[in-house]
Amino acid sequence: VGSRLRETRTEDALTYELHPLCTLFPRVEGVEFDALVSDIRANGLRQPIVLHGGMILDGGNRYRACQKAGVEPEFIDFDGDNIVSFVLSANLHRRHLSAGQQAAIVASAQDWAKAQTHGGSRRGGQAATLPVETVAGRAAQSGASERTQRMADKVAKANPDLAKRVAHGEVSLPKAVQQVEQKVGKPEKKPD
């Protein structure tokens, strides 16, 4: 991944926002979140929360669980070259996500990375190389088929908010594609 993580520290009474890349992933809720809180309360935080630019890049669920458990979180700073690759590597395959959700996350991360290369500050790895330039490469990264990845890319390009809803499991990828196509007014196929 090409990342380096700097010192571990704790910080009192600070509240951190989630980095936009961290928000691509659905939050852990319900029984799964309660189990994380119980584990952290019993065993402490085992993996520090990664910060970038004063925001949580990785560990948003652990951060919330520490707050609820009354455990002081530990933080490390991301000090690598490619925050997109780091976030995808750290989160994409350790969660129970559908192929459509994974493809939508990769497509959304790709669009975020492209947006960072147009103007604005290029410091701190924000204009890092794009994770994958081809559909085949993005599909390999997401674990989805190329067809599924193309669908997710289409949704992310046409409606980033809808792609985020797919990533969070609120809308299926096929339904999102239908919504995008209806909005564009794609002509219907004529019967053969």
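**Exercise 1.** In which hand, left-handed or right-handed, does α1 pass α2?

*Solution.* This is a predicted model, in which local features need pLDDT of at least 70 and side-chain atom pairs count only at pLDDT 80 or more, while totals for chains, interfaces and linings use all residues. Residues are numbered from 1 along each chain as its sequence is written, and side-chain values use heavy atoms, with hydrogens and water left out.

Step 1. Locate the helices (DSSP runs of H or I, at least four residues, numbered from the N terminus): α1 spans residues 30–43 and α2 residues 60–69.

Step 2. Their axes (lines fitted to C-alpha atoms over the stretch in contact, with angles from 0 to 180 degrees between N-to-C directions) come within 9 Å and cross at roughly 65°.

Step 3. The crossing is right-handed, which means that the near helix is turned clockwise from the far one by less than a right angle.

**Exercise 2.** Identify the residues through which α1 and α2 meet.

*Solution.* Step 1. Apply the contact criterion, heavy atoms within 4.5 Å. From α1, Phe33, Asp34, Leu36, Val37, Ile40 and Arg41 take part; the partners in α2 include Asn61, Arg62 and Ala65.

Step 2. Sorted by class, the residues of this contact are seven nonpolar, one polar and five charged. Ala, Val, Leu, Ile, Met, Phe, Trp, Tyr, Cys and Pro count as nonpolar, Asp, Glu, Lys and Arg as charged, and the others, Gly among them, as polar.

**Exercise 3.** State how confident the prediction is.

*Solution.* Step 1. For pLDDT (the predictor's confidence in each residue, from 0 to 100), the chain mean is 83, and 80% of residues reach 70 or more.

Step 2. Values stay under 50 over residues 1–8 and over residues 119–129.

Notes
Helix = DSSP H or I, 4+ residues; strand = E, 2+ residues; numbered from the N terminus.
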